[in-house]
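Let's take a walk through this one together. Have a look at the sequence and the model first, and then we'll go through what can be read from the atoms.

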Amino acid sequence: MNIEFYGASWCGDCVRAKAFLDKHNVTFEYIDVDFVASAAAKVESINNGKRIIPTLIVDGVALTNPSNEVLAEALKLDVALDTKDLHTGEACSIDNKDACQ
């Protein structure tokens with residue numbers, strides 16, 4: 001399985017999704033939009049001009065700000081989700097970092 005993860009350390013949902021993948025020993029390529037010049041443009045192209053993170057590409061399928069439940073389903077993980085795995089529902093934008101901290 002090939003997974004590209006576009007995110008940033010200041011994004012709460014990126015931290016949540018990354019922790020979920022790590023917890024379940026899922027291998028992925030993490031691309032920090034603050035340090036990889038082409039990453040923001042890639043996120044925009046995936047999300048119709050919007051700069052929303054986390055954005056993941058799982059075997060060619062884009063997932064924008066996915067909940068852990070969506071991640072588990074996309075990765076075919078058989079896991080029980082608890083309340084600390086819940087999605088905040090707030091999408092982070094590369095353009096508005098302060099709102100995501």
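What share of the contacts in the chain with a separation of 6 or more is accounted for by residues 24 or more positions apart? It's 62%, where a contact means heavy atoms within 4.5 Å.

Before going further, a word on the ground rules. This is a predicted model, so local features need pLDDT of at least 70 and side-chain atom pairs count only at pLDDT 80 or more, while totals for chains, interfaces and linings use all residues. Residues are numbered from 1 along each chain as its sequence is written, and side-chain values use heavy atoms, with hydrogens and water left out.

**The overall layout**

The chain has 3 helices and 6 strands. Here helices (H or I, at least four residues) and strands (E, at least two) are DSSP runs, numbered from the N terminus. Starting at the N terminus, the order reads β-α-β-α-β-β-β-α-β. The chain holds 101 residues, and 42% of them count as buried; buried means under 20% relative accessible area, exposed over 50%, and partly exposed in between, with a 1.4 Å probe and protein chains only. The accessible surface comes to about 5,700 Å², and carbon and sulfur atoms own 49% of that. These areas come from the Shrake-Rupley method with a 1.4 Å probe, and for residues only the protein chains shown count as cover.

**Strand β1 and its partners**

Strand β1 covers residues 3-7. It is largely enclosed by the rest of the structure, because 5 of its 5 residues are buried. Ile3, Phe5 and Gly7 point one way, Glu4 and Tyr6 point the other way, and all are buried.

Which strands does β1 pair with? Two strands pair if DSSP finds at least two bridges between them. With β4 the pairing is antiparallel, over 4 bridges; isoleucine 3 stands opposite valine 58, and phenylalanine 5 has leucine 56 as its bridge partner. With β2 the pairing is parallel, again over 4 bridges, and there glutamate 4 faces glutamate 29.

**On to β4 and β5**

Strand β4 (residues 55-58) is covered on both faces: Thr55 and Ile57 on one side, Leu56 and Val58 on the other, all buried. It runs antiparallel to β5 (residues 61-64), with 4 bridges joining the two, and valine 58 has valine 61 as its bridge partner. The two strands form a hairpin with 2 residues between them, and aspartate 59 in the turn has a positive phi of about 45°.

Leucine 63 sits in β5. It counts as buried because its relative accessibility is 13%. Leaving aside neighbours within four places in sequence, leucine 63 is in contact with Pro54, Thr55, Leu56, Val58, Val70, Leu71 and Ala74.

**The core**

In soluble globular proteins, nonpolar side chains tend to be buried together. A nonpolar core here is a set of buried Ala, Val, Leu, Ile, Met, Phe, Trp, Tyr and Cys residues joined through side-chain atoms within 4.5 Å. The largest one has 24 residues, and Ile3, Phe5, Tyr6, Leu21, Val33, Ile53 and Leu56 touch the most other members. The elements giving two or more residues to this core are β1, α1 (12-23), α2 (39-46), β4 and α3 (68-74). The largest share, 4 residues, comes from α1.

Rings of Phe, Tyr and Trp (its six-membered ring) pair if their centres lie within 6.5 Å; planes under 30 degrees apart count as stacked, over 60 as edge-to-face and the rest as tilted. By that rule there are 2 aromatic pairs:

| Pair | Centre to centre | Angle between planes |
|---|---|---|
| Phe5 and Phe28 | 5.7 Å | 35° (tilted) |
| Phe5 and Tyr30 | 5.2 Å | 45° (tilted) |

Phenylalanine 5 lies in β1 and phenylalanine 28 in the loop between α1 and β2 (29-32), so their pair ties together parts 23 residues apart in sequence. The other pair links phenylalanine 5 in β1 with tyrosine 30 in β2, 25 residues apart. Together, ring pairs link Phe5, Phe28 and Tyr30 into a cluster.
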